[in-house]
Amino acid sequence: MLFDDSETYILNPAYVMKNDSRRVVIFSRLGRNNLSARDWESLLHPLHAKIFSFFTFNRPLYTTISLLSRYLNRDESTVRKIVFPFIENPRSVYTKYKEDKVFIPKNVIINRKRIAGEVDYLNLMPDVFDCYSIDIVTRRMYTAPSLLTLMLNNMCIADCIYCYADTKTRIKNKLSTTRMIELIEEAHTMQVRGVNLMGGEIFLHPDWPVILKKLMDLNMSPEYISTKCPINGEIIDSIKKTSYNNPIQVSVDTCSPDLLKQTLFVKSDYIAKILHGIKLLDKSGLKYRIASVLTTYNTKNSVFKELSCFMSGLKNITDWRITPAVNSNWIKYNDFRKLKPGKNEIEALYEFIEKQIIPCLSFPVLLNRSAINRDFHYCTTGSMDFKGVKCSALNNHLFILPDGKATICEQLYWLPRFLIGDVSVSSISEVWNSQDAKKLLTLKREDIQDSSPCKECKLFDPCFSVNNRCWLDIVKAYGEQNWDFPDPRCAYAPPMTNDLEF
């Protein structure tokens, strides 16, 4: 492909490069542009980052090529061969470092004219990406997590019988808003990719607009905000003042007041208020979507036909997401099993929705089939070969509880074994690299109880070193006391005490 040397080509503003001490992380902002890859995060060799840094200035391509030629001590023809595969690349590409692949996102360098409005030229110098050694394999971030979640509270206006959250723990010393703002500023300084907010119920925190506004000002927007709270004009006005422009997710499981009284323990007028709030959102110009959770109470064609009739009158909804309830650590398994619809029951409902409802709606309906089609007891080669999304716990995500305690995973909450620090008295960096975090990362055979099949497993070292065992599924399947058992996807895992299958 030929490029106009007189045009200015720049690092796509949707991407951020961060020095992670032994490599460079490149990721897409949560508020990305249409040219960038969604949810991108990969590890770069520092030399790639240094080359890309030359494209953070407002200058024509021929100047950049000339400067790179001198920096790399290569002739301009060679430099063009090195650089051009990364300019306006329509899909991701990769190069190799030794035996490992280095993945580059699509459109990593683009013509300045393709970006509307003003552009902040970062003017990055290549030495910003100096690293003292090279590691493009280890998944865990060295300097800071990529994503942070702030749990503002564990209060809710409903008491859902299927809720996976720990809403029972009483918080003695809540993290102050001032401290939350300090943490957000620290995260921004450390180039954390984004900060998600959740509850409990976000809108029950008195300072949620202040916290959300800070995130928007620093371009660290939450991916979405989920609520069971009826939306009113005051909430809508407050959201608009923060400039938040990602979706509001409103939970609606049924239009029936009687069913909601049985499953959410709310008052009879709750659903009327929820539906009124959705209509206000529809008129407001804010993005929003609907989420429905399936239990034995509402996995019925008539329930979703009624919901779809209401939604068919909406004009600005982005999508409708339907997913089965998942096992909870906070509900006794025998009680939860009564709420859990069977796989055949769910599939029958999904087929009805696909044939009778989706053709009548003007927006996408997303049916979560992955939850009911998970494979267990199949993998004979260890966690490095598990199917599905790689575990983020201890790798790139930190979860901060309302009292400042930091845990490795959202649904593990205050379980002591998984708490790795306290941001009310420590920095994010200190917690991320704490002794408690390192202990979980470097478990040895002697740390494992004799009753665990992992204790004597020949795959112990490679399996544990990649840190891809799902602690949450292990605890859900075998109980907190058996936290060191195999991930239930492992072929050598014992039968699950609490079945995760549908």
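Predicted model: local features only at pLDDT ≥ 70, side-chain atom pairs only at ≥ 80, totals over all residues.
Ser251 stands opposite Ala291, a residue of strand β12. Strand β11, residues 248-251, and strand β12, residues 288-294, are joined in the parallel sense by four bridges.

These two strands are members of an open sheet of five strands, arranged in the order β10-β11-β12-β13-β14 with parallel pairing. Its edges are formed by β10 (225-227) and β14 (365-367), each of which pairs on one side only. From one strand to the next, the twist of this sheet averages 20 degrees. Helix α9, made up of residues 301-311, lies across β12 and β13 (317-324).

A second open sheet is built from three strands in the order β2-β3-β4, and here the pairing is antiparallel. The edge strands are β2 and β4 (41-44), each pairing on one side only. The twist in this sheet averages 25 degrees from one strand to the next. Strand β2 is connected to β3, residues 24-28, by five bridges, and the two strands run antiparallel. Within this pairing, Val16 has Phe27 of β3 as its bridge partner. Helix α1, residues 46-53, lies across β2, β3 and β4, and its direction makes an angle of about 100 degrees with β4.

Side chains of opposite charge can pair when their charged atoms come close. The structure holds 23 salt bridges, and one of them links the side chains of Asp130 and Lys50, with an N to O distance of 2.3 Å. Because Lys50 belongs to helix α1 while Asp130 lies in the loop between β7 (109-111) and β8 (147-151), this pair ties together parts that are 80 residues apart in sequence.

Rolling a probe the size of a water molecule over the atoms shows where empty space is left. The second largest pocket has a volume of about 890 Å³. It is lined by 40 residues, of which Pro13, Val16, Arg29, Leu122 and Asn219 are the closest to its centre. At least two lining residues come from each of β1 (9-11), β2 (15-19) and α4 (177-189). The largest share, five residues, is supplied by β2. Sorted by class, the lining comprises 23 nonpolar, 10 polar and seven charged residues.

Two details of the backbone complete the description. Most residues other than glycine have a negative phi, and most peptide bonds are trans. Glu88 has a positive phi, near 55 degrees, although this residue is not a glycine. Glu88 is located in the loop between α3 (76-83) and β5 (93-97). The peptide bond from Gly199 to Gly200 is cis, and its omega is near 20 degrees. Gly200 lies in the loop that runs between β9 (194-198) and α5 (208-217).

Technical notes
Residues numbered from 1 in each chain as written. Heavy atoms only, no water. 1 Å grid on protein atoms, 1.4 Å probe; cavity = no way out; pocket = protein on both sides within 12 Å on 5 of 7 lines; lining within 4 Å. Points joined across faces, edges and corners; volume = space filled by probe spheres on them. Nonpolar A, V, L, I, M, F, W, Y, C, P; charged D, E, K, R; others polar. Pairing = 2+ DSSP bridges. Axes fitted to C-alpha atoms, helices over the stretch in contact; angles between N-to-C directions. Contact = heavy atoms within 4.5 Å. Salt bridge = Lys/Arg side-chain N within 4 Å of Asp/Glu carboxyl O.
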